[in-house]
Amino acid sequence: MKDTTVILSAHNLYKRFTQKRSPTSPSGVLTAVDNVNLELAIGETMGIAGESGCGKTTLGKLMAGLIQPDDGEICFSGENISGLSPDRYKKFRRQTQMIFQDPFSSLNPRMRIGDIISEPLLISQAGSAANRRSTVEALMATVGLRPEFFNRFPHEFSGGQRQRIGIARALATAPAVIVADEPVSALDVSIQAQIINLLLEMKATYNLSLVFISHDLSVLKHVCDRVSIMYLGSIVESAPAQQLFQRCLHPYTEALLAAVPRITNDAGPRPIVLKDDIPSPFAIPSGCRFHTRCRYAREKCIHEVPELELKHSDHRAACHFSEELFLS
Amino acid sequence: MSFKNSYFSSIFWPRLRHNKLAVAGGIVVLLFLTAALAAPLISPYEPNAINAWQVLAPPSWQHWFGTDELGRDVFSRILYGSRISLKVGFVAVGIAVFIGTVVGLVAGYYSGVVDTILMRMVDIMLCFPAFFLILAVITFLEPSIWYIMMVIGLTGWMGVARLVRAETLSIREMDYILAARSIGCSDRRIIFRHILPNAMSPVLVSATLGVAGAILTESALSFLGIGVQPPTPSWGNILTSGKDYIEFAWWLSLFPGLAILVTVLAYNLLGEGVRDALDPRVKRQ
């Protein structure tokens, strides 16, 4: 059974970016993360999905402590991290590691693979140089890299191998939480499965908790215990993966699910084509933020903000009419 | 350390080797460096040895580049002069690169107020006509080669600072910098271990070109008589003494002038070759 102790949680998290006025664009405030609450249990895999530009990556960076929230708090093992002393904060940061989307910009091109993976050990001054080398070689073996690669440079590797290097680097700090920000979207489909399986394997071996950010719902279905759907910086639906994929409660989730390509004979549900583009995060619509594109939208949706509330056991959605709608 | 598979051996070097002009420039640069280092071994005469019987002798087998108004061998003087000129070039550029790199890294990495202050300093420094600043400083201080190097270096770092800052600004946004932060790297480690090595390529180019510029500046200062003081030979002051006799002793002006021209050209060709080899946008022919 899954441990239900919460290791990392976010409470009323906000992150805004201000754009300075320039001749071509007026000044404005971009709300990237808007009142997000999340709880990640030990050993759990939580998926975060949404269109590009919805704030997934910003949320991931907040959770990993790489950027500071403007409001709200992040707790690690029940401790608010903004209240930590710089020393303790550094320790927390090493406890949550990130795996990046682009395997080409996530490795320093002028450093050898061995140096990249052993840097976390070097900084924490763990063991002698020879000791570190053997630790790194063991790590490389676990992620499927040959020890001869120790002295090579990143440009000699393919995307999949680079992602393995990134995973090895993240594991080198012995983290408790890994935030994987679209770890496979830059890779070939044939390599994607390998990297996902590697992540799951590492998660089991090291008892990690995983935040898995992706726009690919079929990947999330395969990987996650729980999935949260993000739209314009807010979470609109959050449920255990099985439940969400069986019966979603938010029209946005419905549209996303309908857009997943599948191979069947029967016609199945038609893809629901959302009208217009995603609204600008500089001007988030009033009321329900999805009402401009929702095919079920009514008068109430324009004026009242729906809360993310519990609809069934463990299934939350932010929609006024989720009980009335029978979404596919 | 294996050099075999480094960035330089696998990308940079093959690209540079294909550029014939750059290779030619590199060979000339190496030739002049060797000549400068080996000057005491290969110069046929003492550079300051006066020979009253051979005053203003035209080029001959005894004196390849002729002799000057005191009967000194011009070839030997140019050889020794190259030591001065190259020393000035390298030390001045070294100072400029050091200051420029540190200023650029700090400004680019910390941005905000620090960046604004440092970059306005750069703007102010760029407002001074550097050559006249050098003239003014040198006239107050006694003209010595060390002052010249320092002044050329201290007035030449702004370009490097701007280059490094621009590079730093873009490198700072790379994911590997975030990764470094997340494994607990200090700012200093991020700047020197992760940003600096990636920001150095344009600096290498500007340093190579800068050597040429510094040699020219030193020659000009010496030509005006406030650079390297006679009897120590430098390309600039050999040229100066030549100008008085240019009507009947052309060799006194021609050879030091040629030395300056060839060296500066060689450094410029090499620098441009290095730039093309480092620039991923330039396709290999």
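This is a predicted model: local features need pLDDT of at least 70, side-chain atom pairs count only at pLDDT 80 or more; totals for chains, interfaces and linings use all residues.
Local features need pLDDT of at least 70 and side-chain atom pairs count only at pLDDT 80 or more, while totals for chains, interfaces and linings use all residues. Residues are numbered from 1 along each chain as its sequence is written, and chains are lettered from A and ligands numbered from 1 in the order in which they are written.

**View 1. Helix H4 of chain B spans residues 74–110.** Helices (H or I, at least four residues) and strands (E, at least two) are DSSP runs, numbered from the N terminus. H4(B) has 37 residues and reaches 53 Å from its first C-alpha to its last. That is close to the 54 Å expected at 1.5 Å a residue (the expected span is 1.5 Å times one less than the number of residues). Of the 37 residues, 26 are buried, so H4(B) is largely enclosed by the rest of the structure. A residue is buried if 20 or more other C-beta atoms, placed from the backbone, lie within 10 Å of its own, exposed if 12 or fewer, and partly exposed in between. Just after H4(B) comes Ser111(B), with a positive phi of about 45°.

**View 2. Chain A meets chain B.** Here 25 residues of chain A are in contact with 17 residues of chain B (contact: C-beta atoms, placed from the backbone, within 7 Å). On the chain A side, helix H2 (86–95), strand E6 (96–99) and helix H3 (113–123) each give two or more residues. This side divides into nine nonpolar, seven polar and nine charged residues. Ala, Val, Leu, Ile, Met, Phe, Trp, Tyr, Cys and Pro count as nonpolar; Asp, Glu, Lys and Arg as charged; the others, Gly among them, as polar.

**View 3. Two helices of chain A, H3 and H5, pack together.** H5(A) covers residues 159–171. The angle between H3(A) and H5(A) is about 25°, and their axes are 7 Å apart. Axes are lines fitted to C-alpha atoms, for helices over the stretch in contact, and angles run from 0 to 180 degrees between N-to-C directions. H3(A) and H5(A) are therefore roughly parallel to each other (an angle under 35 degrees). H3(A) brings Ile113(A), Ile116(A), Ile117(A) and Pro120(A) to the contact, and H5(A) brings Ile165(A), Ala168(A) and Arg169(A). Six of these residues are nonpolar, none is polar and one is charged.

**View 4. Chain A holds an open sheet of eight strands.** The order is E6-E7-E8-E3-E9-E10-E12-E11, with mixed pairing (two strands pair if DSSP finds at least two bridges between them). E6 and strand E11 (309–312) are the edge strands, each pairing on one side only. From one strand to the next, the twist averages 25°. Strands E7 (177–181) and E8 (209–213) of chain A pair in the parallel sense over five bridges. Asp181(A) stands opposite Ile213(A) in E8(A).

**View 5. An open sheet of four strands in chain A has antiparallel pairing.** The order is E2-E1-E4-E5. E2 (28–41) and E5 stand at the edges with a single partner strand each, so one side of each lacks a neighbour in the sheet. Strand E1 (6–19) and E2(A) share eleven bridges. Leu8(A) has Leu40(A) in E2(A) as its bridge partner.

**View 6. Ser77(A) has a positive phi of about 50°, although it is not a glycine.** Ser77(A) sits in the loop between strands E4 (71–76) and E5 (79–80) of chain A. It is partly exposed, with 14 other C-beta atoms within 10 Å.

Key. Two residues are in contact if their C-beta atoms, placed from the backbone, lie within 7 Å. Angles under 35 degrees count as roughly parallel, over 145 as roughly antiparallel, 65 to 115 as roughly perpendicular and the rest as oblique.
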